[in-house]
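Hi everyone, thanks for coming. I'd like to walk you through one model today, so please have a look at it first.

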Amino acid sequence: MTTLLFYLPFLLLFVLGAGYAERKIAAWIQDRLGPTEVGYRGLGQPIADLFKLLQKESIVPAAANKVLFVWAPAWIFVVVFTAFAVLPVTHAWRGAPTATGALYLLAMASLEAVGLFVAGWISHNKYAQLGAMRVLWQFLAYEIPLSLSVLSVMIVSQTLDLHAIAAQQGLNAPTCTSVSACWLGTKGIDVAQWGGILSWNILRVPPLCVSYILFFVISLVACHRAPFDLPESESELVGGYHTEYSGLCFAWLMLTEYSMLLLMSLLGVILFLGGGHTPFPNLPGLPLGSWTSGLAGTWASHIWSGGWLFTKALLIILIQMIIRWTFPRLRFDQVIRLCWQYLTPAALLLCLLTLWWQLCTLD
Amino acid sequence: MMGIEQIAFLEILTFIAGALLLVGLGSLTSALLQPNLPNEAKLCTYESGEVPTGGSWGKFNARFYVIAIIFMLFEAETVLLFPWAMVWANPTLNEATEGLWARYTAMSIVLFIVPLGIGLAYMWRQGHLASTHPCPIPPTFASKVPKAHYEQINHRYASTPRRLQHIQKAK
């Protein structure tokens, strides 16, 4: 059964919830109240905003290219949403069963930059044009370390299928002879029997722990989140690439921004943090792992695995939101320098280190 | 008869259809609800409230072009690395060669990655990755004309800007 039935409604709910959470967290950090008027503690605010955006006039500037101006936000949303097709929902409810899953997801996420560039460039506005150029330069900066940090997982997992990668990181993982299941490389400690956090990629193969930190930073750059939100930095570029956008077209841009956030954190959870597997290991005499996983094939298993996957992803997003409201923005050349001088060599080194680790534990 | 890959991409097609459906429904609802009252001021390009001057497609600094070239190089490299990662420790091949396969593939990729790393280090050393921050160099040219002459000319031809004239008249 296609995961579209889950992801389409979930994404809309997520964007409403994330919008509210973002404003409340910002208010909490800045010692304000945030939305309070609509509904109980302002909970109705995102719904009110949605209706407001729906009935706002969509203004297309006279200088802009009409067709591309309207279609660019739709294009961005379609490509980012289509990237969700390969993500699993639970252990048994998997995404599109293609063998090229992770590569496909990265490719679709990259196409977003094209749409953002077109949206900014076609607005025929000076701020939007600067924002559009920044989208492209930032894309050139983050794409390589992003692919390389994903590659370091591929060296371990030997597959691009996200469902299979998630399945390798839990209790009773399917035995893949060349993938070491030894904890920290110690021979004899087989974590497939223990499960829990011990068999997640970050602990099973320690270089991947550093790799995840890299991935987390790069996902902030890829989602244009502060401290890397240069393409839309409101204090210098008004709105960056979406300066001219209003009404529904603006709503698509916002929707895509939050979708991208969810996409990247879900990818990170599946690649590094055990996907839908429980963080509790099965200790001798205390099977915490089995208690929090449910028997395979039952409804309980569906609920536990889906619950863990999305709890982890939402926690990561929470951290990203706190980062957004506490860190100052980097200067543009600092972003480029960070990505090319530090993240790219580090990602290359980590690939070699992971390779060395896998070779040592191969036999 | 469809293979598993065709089924997968059919599923991806349903995602495209779902996204387009949402875009269509949203646009339809919005079209029914929103007013459409364009006027000249509304359709004007936003430029901080000023009347926009000139187009936006002017010159921009392309000083990052070297990075774009390095990007192409590394992107091609990444494309080659992904298929390698799929087969480098293939269990069947590894068993058939008694573990030699993984060692040889690992060695070959190290020989591939290390020169690239050296290339990156070279670019760093040449300053292509770091010089993106503009450092203006003040000109060292010493003019034969004394500076006071320029100031004299400036003073003589300095006229009050038009937008300040009424203030002067009031005085």
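Let me start with a question: how many residue pairs are in polar contact between chain A and chain B? The count is 13 residue pairs, with both residues at pLDDT 80 or more. By polar contact I mean a pair of N or O atoms within 3.5 Å; within protein, one must be able to donate a hydrogen and the other to accept it, and residues adjacent in sequence count only if both atoms are side-chain atoms.

A word on where this comes from. This is a predicted model, in which local features need pLDDT of at least 70 and side-chain atom pairs count only at pLDDT 80 or more, while totals for chains, interfaces and linings use all residues. Residues are numbered from 1 along each chain as its sequence is written, chains are lettered from A and ligands numbered from 1 in the order in which they are written, and side-chain values use heavy atoms, with hydrogens and water left out.

Now, the interface. Chain A brings 78 residues to the contact and chain B brings 70 residues, where contact means heavy atoms within 4.5 Å. About 6,700 Å² is buried between the two chains, and carbon and sulfur atoms give 73% of that. Buried area here is the accessible area, with a 1.4 Å probe, that two parts lose on being put together, summed over both. E57(A), K126(A) and W340(A) supply 10% of what chain A buries against chain B, more than any other three residues.

A salt bridge here is a side-chain nitrogen of Lys or Arg within 4 Å of a carboxyl oxygen of Asp or Glu. Across the interface of chain A and chain B, the rule finds two of them.

Which elements give two or more residues to the side of chain A that touches chain B? They are α1 (4-29), α2 (45-55), α3 (66-83), α4, α5, α10 and α13 of chain A. Helices, by the way, are DSSP runs of H or I with at least four residues, numbered from the N terminus. α5(A) gives the most, with 15 residues. By class, this side of chain A has 49 nonpolar, 20 polar and nine charged residues. In that scheme Ala, Val, Leu, Ile, Met, Phe, Trp, Tyr, Cys and Pro count as nonpolar, Asp, Glu, Lys and Arg as charged, and the others, Gly among them, as polar.

T78(B) is buried, at a relative accessible area of 3%. Buried means under 20% relative accessible area, exposed over 50%, and partly exposed in between, with a 1.4 Å probe and protein chains only. Y65(B) also sits in α3, residues 65-87 of chain B, but Y65(B) is exposed, at 52%.

Let's move on to salt bridges within chain A. Over all chains, the count comes to eleven. In one of them, the side chains of E22(A) and R324(A) meet at 3.6 Å, N to O. E22(A) is in helix α1 and R324(A) in helix α12 of chain A, 302 residues apart. E22(A) is buried at 3% relative accessibility, whereas R324(A) is partly exposed at 24%.

There is also a network of salt bridges, linking R134(A), D229(A), E236(A) and R329(A). E236(A) pairs with R134(A), the closest N and O atoms being 3.1 Å apart. E236(A) lies in helix α9 (residues 234-237) and R134(A) in helix α5 of chain A, so the pair ties together parts that are 102 residues apart in sequence. E236(A) also meets R329(A), at 4.0 Å, N to O. R329(A) is in the loop between α12 and α13 of chain A.

Last stop: helix α8 of chain A, residues 207-222. Why is α8(A) described as largely enclosed by the rest of the structure? Because twelve of its 16 residues are buried. Among them are L208(A), Y212(A), F215(A) and F216(A). What covers the buried residues includes α4 (101-122), α5 (126-157) and α10 (247-272) of chain A. After α8(A) comes H224(A), with a positive phi near 55°.

That's my tour; happy to take questions.
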